[in-house]
Amino acid sequence: MDARNPAVHFSEDYGHLRTLRICAGESPSPLQEEVVQCIWYDQLFSGDDLCTDDGRSLRVLSPGWWNHNEGPDFQGAQLEIGGKLLTGDVEVHLDHAAWRQHGHHIDSRYDEVLLVVVLAMEPPRQPPMTSSGRRIPCLLLSHYIEGDITLLADRLSPDDYPYQAKGAFGDCSAVIEACGAGRIETLLRLSGDWRMLNKARAIRERIDRRGPDQALYEVFLTACGYSRFKQLFRTIAQQLPYDRIRQLARRDPLLVEAAFLQIAGLLPETCPEGLADTVHYERLSALRKDHLPGLRRLPLQWRLNDVRPTNYPERRLAGAARFLSNTAREGLHETLERVWHHDLAPVPRRRALEDLFPSPSGFWADRCTWTGKRLPRPVAMLGPSRVRAIIGNVFVPMELALARRARNRQREERTFEFFAKLPPESDNQILKAMLPRLFGQGKTPKLDFRLQQGILQLYYDWCEPNPSCKGCSVLPYVSVDQP
């Protein structure tokens, strides 16, 4: 900016000064970090001649997947740093100090971070380091934002991110909008079938090693744990085998709940302070004393950040205990076999499977913790969406595994008919991200469980490892006109 020469056009130079003021912390209304995440995700800055704070060239092939859970802001980013192609994570901050203030330097979840994107003009005095001692380069984003950053921020709508933003659309979305969705829907159904076959193969291997009841029990309890707690629930199933669970359930159904909560470390040693209704706790505590004296707690860590209270592990384990107690007389495998062998259409069969799950009743029907505020109305410990997910992800592949093990084609065809008619399960972050990636702003097909499974399989096979879409084999497939 040269004050000696009169301006002959509308200049944006003053916006650079305003950016400096914001980066220096002089703004009375500083930008929110989420806005900077939006700028990174949509690459709303000059991509030419990018350079890290340590002098290496930088090229962004993909900003990565927007992470809504704990850990780095973006995962699976594809970057070229100093001429070397890398895949890893990206963390976004307003200033350099946030890396240490947030404890990322001692958190192993941030060890795969390749780049820290910072809205700053000067390099950090103390470079960001991983917990293993690796130095992480920084991108000083303010050097590459053209014009007034506050005007750019005003044009952004963070509520649209990440699913309605430009960065959410994959290369195939334009092709699908132009050529139609017929080819991709066919591919999704095929990949959904493949996903079920893979699950059936894994269950069959488990059956061969541990028998049908233990195999089904382990997969069922893992599914009850959902994504956050599935590994912990699987550990519980392996340490507390099904034969023991069935034995406890025949003696007293509440013994299964007591055993689950005890081994999980979720049954307090003494009555929790502030517990108004102590009857249920006292009952479980007495059962633990009389029947489970040698059952030790496992060293499990229950991270409850961003977990809905109705999905807390106490409620999920109590719901699983009720289901297992309800099916203990015939056994888990035999109970399901009875439903599968009845001559039922897909919808009545699904309802028969749903009826095996307990309705909301008892202590946990309107509580999420021992002493927390009671819910306004009873809620099932395993809600309808979780039940549908268990039916589709556990009971269907289990039946498919048994049909293939017995080489029973009629049984497999019946299982496929049921699978093809299953309604969709609840959305998850992957499905929400994949719909705009595949279909852009166009019309999405009516989803069922099979299509959802296909979308998940496509994500894991193609999109997760290659968010930039470079060289993706799906593109030429969907671009061919459907015969």
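The largest nonpolar core of this protein has 78 residues, and among them Tyr217, Ile236, Phe260 and Phe395 touch the most other members. A nonpolar core here is a set of buried Ala, Val, Leu, Ile, Met, Phe, Trp, Tyr and Cys residues joined through side-chain atoms within 4.5 Å. Buried means under 20% relative accessible area, exposed means over 50%, and partly exposed lies in between (1.4 Å probe, protein chains only). Helix 15 (residues 384-405) gives this core its largest share, 10 residues. Helices are DSSP runs (H or I, at least four residues), numbered from the N terminus.

Before going on, a word about the model. This is a predicted model, in which local features need pLDDT of at least 70 and side-chain atom pairs count only at pLDDT 80 or more, while totals for chains, interfaces and linings use all residues. Residues are numbered from 1 along each chain as its sequence is written, and side-chain values use heavy atoms, with hydrogens and water left out. The protein averages a pLDDT of 91, and 93% of the residues score at least 70; pLDDT is the predictor's confidence in each residue, from 0 to 100. Over residues 24-29 the pLDDT is below 50, and this stretch has four contacts in the model beyond near neighbours in sequence. A contact means heavy atoms within 4.5 Å.

Now for the charged side chains. Side chains of opposite charge can pair when their charged atoms come close. A salt bridge is counted when a side-chain nitrogen of Lys or Arg is within 4 Å of a carboxyl oxygen of Asp or Glu, and by this rule there are 25 salt bridges. Here are some of them:

| Pair | N to O distance |
|---|---|
| Arg210 and Glu218 | 2.5 Å |
| Arg367 and Asp277 | 3.9 Å |
| Arg411 and Glu337 | 2.7 Å |

Arg411 sits in helix 16 (residues 409-420) and Glu337 in helix 13 (residues 332-341), so their bridge ties together parts that are 74 residues apart in sequence. Arg411 counts as buried because its relative accessibility is 11%, and Glu337 is buried too, at 9%. Elsewhere, salt bridges that share partners join Asp53, Asp54, Arg56 and Arg135 into one network.

Aromatic rings come next. The structure holds 23 aromatic pairs. Rings of Phe, Tyr and Trp (its six-membered ring) pair if their centres lie within 6.5 Å; planes under 30 degrees apart count as stacked, over 60 as edge-to-face and the rest as tilted. Phe323 and Phe395 are stacked because their ring centres are 6.3 Å apart and their planes meet at 25°. Phe323 belongs to helix 12 (residues 313-326) and Phe395 to helix 15, so this pair ties together parts that are 72 residues apart in sequence. Trp364 and Trp370 form an edge-to-face pair, 5.0 Å centre to centre with 65° between the planes, and both residues are buried.

Finally, the charged end of Arg183 sits over the ring of Tyr477, 4.0 Å from its centre. For this, NZ of Lys or CZ of Arg must be within 6 Å of the ring centre and within 35 degrees of the ring normal.

Terms used: Helices (H or I, at least four residues) and strands (E, at least two) are DSSP runs, numbered from the N terminus.
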